[in-house]
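Hi there,

Here is the structure I promised to pass on to you. Have a look at it first, and then read on for what turned up when I went through it.

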Amino acid sequence: MSFMQRIKQSLARFMMGRHGADNLGIFTLITGLVMSILGSFTGIGLFSLLGFALYIWTLFRMFSRNNEKRAAENRKYIELTSGWKTKIRQFFRRMKNRRDYKYFKCPNCKVLLRLKRGSGEKEITCVRCGFQFKQKS
Ligand SMILES: [Zn+2]
């Protein structure tokens, strides 16, 4: 067995039963990296310190054997960020389609609606709450 294979195998054995990388781990790692870069560019020690703390937390979670707790943290993270991810996705879709569709919010429940451009003023019925209003396209 080569040296590299042996390292790979012992690493795999070491990681057995440990939590490993997950969505939250990747997020904390990237944020940690950004903080360290910011720290070295700006010379503000707080960024470097935060970056270091995030690395430590990432490593702690990766090597943790308390899978249940780590999975719960990851679920919480996904729950907290999914709203933002939807908003960001919606924003890019809007940018892409803004020539063909007019986007607007329902005045009653604030849900985002769209109307094909050039179809004049229309009577809109909100898909979520059923509120009716007039909207120019
Ligand atoms: Zn509505």
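One term before we start: two residues count as being in contact when their C-beta atoms, placed from the backbone, lie within 7 Å. Please also keep in mind that this is a predicted model.

With that in hand, let me begin with Arg114, which touches Tyr101, Lys102 and Tyr103 once residues up to four places away in sequence are left out. Arg114 sits in strand β2, residues 112-116. Is Arg114 buried, exposed or partly exposed? It has 16 C-beta neighbours inside 10 Å, so it counts as partly exposed; the buried class would need 20 or more. Thr125 lies 11 residues from Arg114 along the chain, and their C-alpha atoms are separated by 11 Å.

Now the overall picture. The chain has 4 helices and 4 strands, and from the N terminus the order is α-α-α-α-β-β-β-β. For the chain, the radius of gyration is 24 Å, while a compact globule of 137 residues would come out near 14 Å. Along the principal axes, the C-alpha atoms fill a box of roughly 70 × 40 × 30 Å. Buried residues make up 8% of the 137 residues. If you look at contacts with a separation of 6 or more, 32% of them are between residues 24 or more positions apart.

Next, the helix I would open in your viewer. Helix α3 covers residues 45-63, and its 19 residues reach 27 Å from the first C-alpha to the last, close to the 27 Å expected at 1.5 Å a residue. Which residues of α3 are buried? They are Gly51, Leu54, Thr58 and Arg61. These cover an arc of only 95 degrees around the axis, which means they are on the same side of α3.

Strand β3 (residues 121-125) and β4 are paired in the antiparallel sense over 5 bridges. Within that pairing, Glu121 has Lys136 as its bridge partner in β4, and Glu123 stands opposite Lys134.

Lys110, in the loop between β1 (101-105) and β2, has a phi near 70 degrees, a positive value in a residue other than glycine. Most residues other than glycine have a negative phi. Lys110 has 10 C-beta neighbours inside 10 Å and therefore counts as exposed.

Happy to talk any of this through.

Best wishes

Definitions and conventions
Residues numbered from 1 in each chain as written. Predicted model: local features only at pLDDT ≥ 70, side-chain atom pairs only at ≥ 80, totals over all residues. Pairing = 2+ DSSP bridges. Helix = DSSP H or I, 4+ residues; strand = E, 2+ residues; numbered from the N terminus. Expected span 1.5 Å × (residues − 1). Buried ≥ 20, exposed ≤ 12 C-beta atoms within 10 Å, placed from the backbone. Arc of directions from axis to C-beta. Rg over C-alpha atoms; globule rule 2.2 N^0.38 Å.
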